[in-house]
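Reader: Please take me through the assignments in this structure, setting each value against the criterion behind it.

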Amino acid sequence: MNLNKVRYIMYLTLFFCFFLEGCSPKAHLEEVQTLGKKCGFESEKIQTHFYDLMMFIKLGDPHLIHIYLEGDGFAWFNKYEMAEDPTPDDPMGFRVACEDTSNATLIFLTRPCHYGLKRSCSYQDWTFERFSQKILNAYREVLDLLKTRYPHAVFHLYGYSGGAFLALLLGEKEPDITKITTFAGNLDHKVWTRFQGYTPLTGSLDIEDFEALSKIEQIHYIGENDLEIPVDVYQSYQNHFQKETHNLKFIFVKNFEHTSDWPLFWNEQQTY
């Protein structure tokens, strides 16, 4: 199917779901599975030690695996109330994955507790502990599963918004990860919460091994007009590296905001 037509169907579906009646977690999951099929993905439920999540797979080169990580979703109902359900109304990370035109095997992973898969979940898991050791361990379990299925593969990680920080946490401990690409990524949650006046993410991990990350090729795409993730976040992340590294690139995207059309940008970017 033509990519522009797929993109149109995605937006139309999300419009009816969000603006007309709202979506339950089950309805959200059904819509994402339908959209995934239109992009050539098959879905699979993964049970990790603590959490369940959905994995979407589009088969390609078994030696190169592209893993896309979703953003934080709907963590807070308002400034004072945690959301009942963190499932994103717009699965931006998934839509970015749909625009990957490479020959790699493509993997899209939902976040724990999204889409009604709430085994072992509490409000803390999508708020203050969204980058906790338990959350990270769940992704490591999935990564171990993929290493078993594709024993000779290297892995490239792609993260939108909060998914970017999870990609970094995975990258500092996994030698098979050779590239990290982020879109409007939250690379330093402490600076982010301080800048926005949010409560600190107590219970979430910090990056410890910047030397390991310096060996990984990184490209961070930044919305020039992004008011959610300010440039201070990227500057703080960059300052953690003791010396300038050619592996680290920050690219500002003109006129882009946090929720701009990153899928279209990614589709066009790959043609260069």
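Author: A disulfide is a pair of cysteine sulfur atoms within 2.5 Å. The model to which this criterion is applied is a predicted one.

Reader: What makes cysteine 113 and cysteine 121 a disulfide?

Author: Their sulfur atoms are 2.1 Å apart, and the cut-off is 2.5 Å; the pair therefore counts as a disulfide. The torsion about its S-S bond is about -95°, so the link is left-handed.

Reader: How do you know that cysteine 39 and cysteine 98 form a disulfide?

Author: The separation of their sulfur atoms is 2.4 Å, which is within 2.5 Å. With 105° about the S-S bond, this link is right-handed. Cysteine 39 lies in the loop between α2 and β1 and cysteine 98 in helix α3, so the pair ties together parts that are 59 residues apart in sequence.

Reader: Why is cysteine 39 called buried?

Author: Buried means under 20% relative accessible area; cysteine 39 has 9%, and is therefore buried. Cysteine 98, at 5%, counts as buried, and cysteine 113, at 0%, does too.

Reader: Why is strand β2 described as largely enclosed by the rest of the structure?

Author: Six of the seven residues of β2 (residues 52-58) are buried, so the description applies.

Reader: What makes β1 and β2 paired strands?

Author: Pairing requires at least two bridges, and six join β1 to β2, which run antiparallel. Serine 43 stands opposite phenylalanine 56 in β2. Four bridges join β2 to β4, also antiparallel, so this pair meets the criterion of at least two. In β4, phenylalanine 108 is the bridge partner of phenylalanine 56.

Definitions and conventions. Residues are numbered from 1 along each chain as its sequence is written. This is a predicted model: local features need pLDDT of at least 70, side-chain atom pairs count only at pLDDT 80 or more; totals for chains, interfaces and linings use all residues. Side-chain values use heavy atoms; hydrogens and water are left out. Buried means under 20% relative accessible area, exposed over 50%, partly exposed in between (1.4 Å probe, protein chains only).
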